[in-house]
Amino acid sequence: MRYRNLLLAATLLGVVTGTSVYAADLPTKAYTPVAAANWTGFYAGLNAGYGWATATTGGGSSTLNGFVGGGQVGFNWQGASPLVLGVEADFQGSSQRRSDVTLGVTIDQSLPWFGTARGRVGYAVNNWMLYGTGGGAWVDYKVSGTALGVTVSSDATKFAWVAGGGVEWMFAPKWSAKFEYLYVDTGNTTVTLFGVPFNGRAKDNVIRVGGNYHF
């Protein structure tokens, strides 16, 4: 019985030792860290969002709400540091409008389209970039009036300034997604309605999401 127990113990020790040696000999899977994105290069993409503008004409003000959508092109440059410098231009169609009736006259206001040309300054961490942006914009501000079955309209394309910021995520080697806010201010704009000039000013807030392809 004593020799049987010694034999059993030796057998178990051999099995455990052999298993440990075999496990040590198994190849281990190397850890490959995900490479941080470099943002340098040209890109182009599409976006969609929502805008709400406050338009003041004469002595009153109106809120013009609606959807916006369009496309953008740009270029980024990033050196060895997290700092990213870039330029971007975009063009947006807009359904922002408002209709009011005053003393039997229907007044329609709308912002049919706008475009911007902006600089961007970003800070990149891994595949994310937080950025601020600012520059110039061109906004089409249209006003029409209808009374006694007669409609007249006037519109002005106004140079404006724009500022905002956003965050962008490089989720694939050549693809990124972004969320962005822009504030556009046209300053004073003059439109003529029924032969009478009206001074107006549109202050537009835009939030949008978009995607870019990086060349």
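**Entry 1: Arg 208**

I began with Arg 208, whose side chain is joined to that of Gln 92 by a polar contact of 2.9 Å. By polar contact I mean a pair of N or O atoms within 3.5 Å; within protein, one must be able to donate a hydrogen and the other to accept it, and residues adjacent in sequence count only if both atoms are side-chain atoms. A polar contact of 2.7 Å also joins the side chains of Arg 208 and Glu 180.

I note that this is a predicted model, in which local features need pLDDT of at least 70 and side-chain atom pairs count only at pLDDT 80 or more, while totals for chains, interfaces and linings use all residues. Residues are numbered from 1 along each chain as its sequence is written, and side-chain values use heavy atoms, with hydrogens and water left out.

I located Arg 208 in strand 10. Helices (H or I, at least four residues) and strands (E, at least two) are DSSP runs, numbered from the N terminus. Is Arg 208 buried or exposed? Arg 208 is buried, with a relative accessible area of 2%. Buried stands for under 20% relative accessible area, exposed for over 50%, and partly exposed for what lies in between (1.4 Å probe, protein chains only).

I then listed what Arg 208 is in contact with (heavy atoms within 4.5 Å). Leaving aside neighbours within four places in sequence, the list includes Asn 47, Gly 49, Glu 88, Asp 90, Arg 118, Lys 178 and Leu 182.

**Entry 2: Salt bridges**

I searched for salt bridges, each a side-chain nitrogen of Lys or Arg within 4 Å of a carboxyl oxygen of Asp or Glu. The count comes to ten. Side chains of opposite charge can pair when their charged atoms come close.

Arg 120 and Glu 88 meet in one of them, at 3.8 Å from N to O. Arg 120 lies in strand 6 (residues 113-125) and Glu 88 in strand 3 (residues 83-94), so the pair ties together parts that are 32 residues apart in sequence. Arg 120 counts as buried at 3% relative accessibility, and Glu 88 counts as buried at 3% as well.

Arg 118 forms a salt bridge with Glu 180, where the closest N and O atoms are 3.8 Å apart. This pair links distant parts of the chain, with Arg 118 in strand 6 and Glu 180 in strand 9, 62 residues apart. I recorded a relative accessibility of 3% for Arg 118, which counts as buried, and of 0% for Glu 180, also buried.

Glu 180 forms a salt bridge with Arg 208 too, the closest N and O atoms being 2.7 Å apart. Because Glu 180 lies in strand 9 and Arg 208 in strand 10, the pair ties together parts that are 28 residues apart in sequence. Which residues do salt bridges with shared partners join into one network? They are Glu 88, Asp 90, Arg 118, Arg 120, Glu 168, Lys 178, Glu 180 and Arg 208.

**Entry 3: The whole chain**

I stepped back to the protein chain, which has one helix and ten strands. Of the 215 residues, 36% count as buried. Among the contacts with a separation of 6 or more, 63% are between residues 24 or more positions apart.

**Entry 4: Strands 7 and 8**

I examined the pairing of strand 7 and strand 8, which is antiparallel over 20 bridges; strands pair if DSSP finds at least two bridges between them. The bridge partner of Ala 137 is Ala 160 in strand 8. The two strands form a hairpin with two residues between them, and Leu 148 in the turn has a positive phi of about 55°.

**Entry 5: Nonpolar cores**

I looked up the nonpolar cores, which are sets of buried Ala, Val, Leu, Ile, Met, Phe, Trp, Tyr and Cys residues joined through side-chain atoms within 4.5 Å. Of the 16 residues in the largest, Leu 111, Val 139 and Val 184 touch the most other members. Strand 7 gives the largest share of this core, four residues. Apart from this core lies another, of seven residues, including Trp 39 and Met 170.

**Entry 6: Thr 186**

Not counting residues up to four places away in sequence, Thr 186 touches Val 139, Lys 158, Phe 159, Ala 160, Arg 201 and Ala 202.
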